[in-house]
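Open the model in your viewer and keep the selection tool at hand.

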Amino acid sequence: MTELRIPEVILRERRKKGLTQEELAAQLSVSSQAISNWERGGYPDITLLPRIANFFGITVDELIGNDEVNRREDINSFSDKYWHLTDSKQGFADRLSLAKEYYQKYPGDYEIMHALGHAIVHNMDSITDNAELMKEIHEKIMAGCTVEVYRRDSIHYMCYACTDEELEERIGNSELDWSEAVAIGEIREDRYLLQNRIPEYYSQRNSNDLMIFMQYLGRNNMNYYRKEDEFVFGEPERTAAWELHKLRLLEAFSENGKIPEAWCGCYAEFTLKAAGALVGCGKVDEGFEMLEKAFPLYERWLSIPDGTLMSVGCDDVFGGAKITKFNKNYTVEVHFKDGKKEWAPYLWLFWQLRGDILAAMSQWSWFDNVKEDERYKALYERAKRLAEC
């Protein structure tokens, strides 16, 4: 509800015109006592508002203090007050009280709603009491606000404010892609920390770290497009640099000089991609060396039975996680020591097949200029045998 500012507006406008209270009273056909009463906090009769506004050359909205300039000044004042309060338990409680007060004054202002959502999730002791209010402002923001940061934060705030059951229902009813799965995991992590649920926080953090690592590994660094029945590749130098970088990254997880089982498939694939890119940018000897290295890596990966629980290595980093090699249902799950289990939306990291090397040597344009090389011919025959096993 807008605060009426009639007394200060009448005083301001009278002084702008250089009138005494008596002179203004004469112009408006009221007593000087009426003017004095208005300027000290009283309100004119509602029927007088148009006459007063017309005399001063302003709108009735401006007279009662509902004009955009005053509204904006008031909201700016709120913003200054809100963000200058300390990041402490008392400070967040004061922020919540202030935001509620201004939301009552400006129930349609998205800046106020955004601040109110922020205040609610930082008062976790009373978040249940404010859950319905959080839902109310969330629905308003999603229905009409176009400010992306307010919309995104509102979704996050709702995930903090709703119950565990409501959160899982919201997630369960959504078809999440890999990036959304990571975002939801981070929301859970923040939620547990805000709610002081420390064991769950650590468990979720281990899961998030692994998911983010897989997301990084899973980025496709090969720039290619399909032209009729051929794959045309570009930027071999960039691809080679990226694939070699990812190989070095995985080598940091080696156990006794051996890549952990969970990563040996994608390690083989990155080796194959690096080989093709190196040949494509003219580093033929290095490319053939990498290509030859890919064969035993693929053979090791293919020897692991489907459904095997494979170690990711570095237990202290990822909480002793193990990953299932894809099964007949083509699903991959991550298992942690504490019993937590998650679906992994990164199937392509664990999807290396017998025919991969043969397909690459046959279809990747990077190999076009070396097909008469005796090394290529020998490795091509080896790729055919691997694919036929």
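Select arginine 95 and tyrosine 82. The charged end of arginine 95 sits over the ring of tyrosine 82, 5.2 Å from the ring's centre. This is a predicted model. Is arginine 95 buried or exposed? Its relative accessibility is 3%, so arginine 95 counts as buried, the cut-off being under 20%.

Aspartate 87 has 61% relative accessibility and counts as exposed.

Now widen the selection. Phe78, Tyr82, Trp83, Tyr102 and Tyr106 form one aromatic cluster. The structure holds 16 aromatic pairs in total.

Stay with helix α6 and pick aspartate 74, then lysine 105. A salt bridge joins them, with the closest N and O atoms 2.6 Å apart. This pair links distant parts of the chain: aspartate 74 is in helix α6, lysine 105 is in helix α7 (residues 89-105), and 31 residues separate them. Aspartate 74 counts as buried at 17% relative accessibility. Lysine 105 is buried too, with a relative accessible area of 14%.

Next, jump to tryptophan 364 and phenylalanine 367. Their ring centres are 6.3 Å apart and their planes lie at 15°, so this pair is stacked. Tryptophan 364 is buried, with a relative accessible area of 12%. Phenylalanine 367 is buried as well, at 0% relative accessibility.

Move to helix α14, residues 236-251, and select glutamate 243 and lysine 246. These two lie three residues apart, about one turn of the helix. Their side chains meet in a salt bridge, 3.8 Å from N to O. Lysine 246 and glutamate 243 are both buried.

The structure holds 18 salt bridges.

For the last stop, pick lysine 17 and phenylalanine 55. Here the charged end of lysine 17 sits over the ring of phenylalanine 55, 5.2 Å from the ring's centre.

Technical notes: Residues numbered from 1 in each chain as written. Predicted model: local features only at pLDDT ≥ 70, side-chain atom pairs only at ≥ 80, totals over all residues. Heavy atoms only, no water. Phe/Tyr/Trp six-rings, centres within 6.5 Å; stacked < 30°, edge-to-face > 60°. Buried < 20%, exposed > 50% of the residue type's maximum accessible area, 1.4 Å probe, protein only. Lys NZ or Arg CZ within 6 Å of the ring centre and 35° of its normal. Salt bridge = Lys/Arg side-chain N within 4 Å of Asp/Glu carboxyl O. Helix = DSSP H or I, 4+ residues; strand = E, 2+ residues; numbered from the N terminus.
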